[in-house]
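Student: Can we go through the pockets and the helix packing in this one? Start wherever you like.
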Amino acid sequence: MRELTLTLSREKKPVTLRIADAIRSAIQAGQLKKRERLPSTRALARTLQVNRHTVMSALSELVCEGWITSRMRHAYQVNERLPSGFFEASPLKGAMPVRGEHRWRLVRSAG
């Protein structure tokens with residue numbers, strides 16, 4: 001069995017985000033390979049000494065970002081297509097400039 005070493009930062013941010021950062025860093029460093037299964041949420045929670053729901057929240061964040069995938073009652077695994085350039089801005093070719101303003105009218109629903 002392979003060993004996964006996660007290092008949580010000491011930044012002043014929620015532990016959920018620090019766990020997500022550590023797993024994301026492990027993927028970027030090649031410690032976790034594409035399509036590789038992550039340890040179970042229970043095992044991660046026990047190792048990190050946090051609640052299992054904290055780990056699940058961190059993993060949900062990574063699913064939303066596209067780093068890992070999840071199927072009901074299956075292990076989380078590293079996504080085959082990583083979002084390497086997802087967070088980097090790139091110039092749009094042939095994009096037309098926006099003219100005017102877009103205004104929103106917010107209405108509270110009755111209920």
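Tutor: This is a predicted model. In the largest pocket, the lining residues split into nine nonpolar, three polar and five charged.

Student: Which residues lie nearest the centre of the largest pocket?

Tutor: Arg 2, Glu 3, Leu 4, Pro 39 and Leu 44 lie nearest its centre, out of 17 lining residues.

Student: And how much space lies in there?

Tutor: The largest pocket holds about 390 Å³.

Student: What about the second largest pocket, how much space there?

Tutor: About 190 Å³. Its lining has 14 residues, and those nearest the centre are Ser 40, Thr 41, His 74, Ala 75 and Tyr 76.

Student: Which elements give two or more residues to that lining?

Tutor: Two helices do: α2, residues 41-48, and α3, residues 52-65.

Student: How does the lining of the second largest pocket divide by class?

Tutor: Six of its residues are nonpolar, four are polar and four are charged.

Student: OK, helices now. At what angle do α1 and α3 cross?

Tutor: Roughly 55 degrees, with the axes coming within 8 Å; α1 covers residues 15-28. The crossing is right-handed.

Student: Why do α1 and α3 count as oblique?

Tutor: Angles under 35 degrees would be roughly parallel, and roughly perpendicular runs from 65 to 115. The crossing angle is roughly 55 degrees, so α1 and α3 are oblique to each other.

Student: Which residues meet there?

Tutor: From α1, Val 15, Thr 16, Ile 19, Ala 20, Ile 23 and Arg 24 take part. On the α3 side they meet Thr 54, Val 55, Ser 57, Ala 58, Leu 59, Glu 61, Leu 62 and Glu 65. By class, this contact has eight nonpolar, three polar and three charged residues.

Student: Now α2 against α3. How do their axes cross?

Tutor: The axes of α2 and α3 also come within 8 Å, crossing at roughly 115 degrees. The two helices are therefore roughly perpendicular to each other. α2 passes α3 in a right-handed crossing.

Student: Which residues of α2 and α3 meet?

Tutor: Thr 41, Arg 42, Leu 44 and Ala 45 in α2 meet Arg 52, Val 55, Met 56 and Leu 59 in α3. That contact comprises five nonpolar residues, one polar and two charged.

Notes
Residues numbered from 1 in each chain as written. Predicted model: local features only at pLDDT ≥ 70, side-chain atom pairs only at ≥ 80, totals over all residues. Heavy atoms only, no water. 1 Å grid on protein atoms, 1.4 Å probe; cavity = no way out; pocket = protein on both sides within 12 Å on 5 of 7 lines; lining within 4 Å. Points joined across faces, edges and corners; volume = space filled by probe spheres on them. Nonpolar A, V, L, I, M, F, W, Y, C, P; charged D, E, K, R; others polar. Helix = DSSP H or I, 4+ residues; strand = E, 2+ residues; numbered from the N terminus. Axes fitted to C-alpha atoms, helices over the stretch in contact; angles between N-to-C directions. Parallel < 35°, antiparallel > 145°, perpendicular 65-115°, else oblique. Left-handed = near helix turned anticlockwise from the far one by under 90°. Contact = heavy atoms within 4.5 Å.
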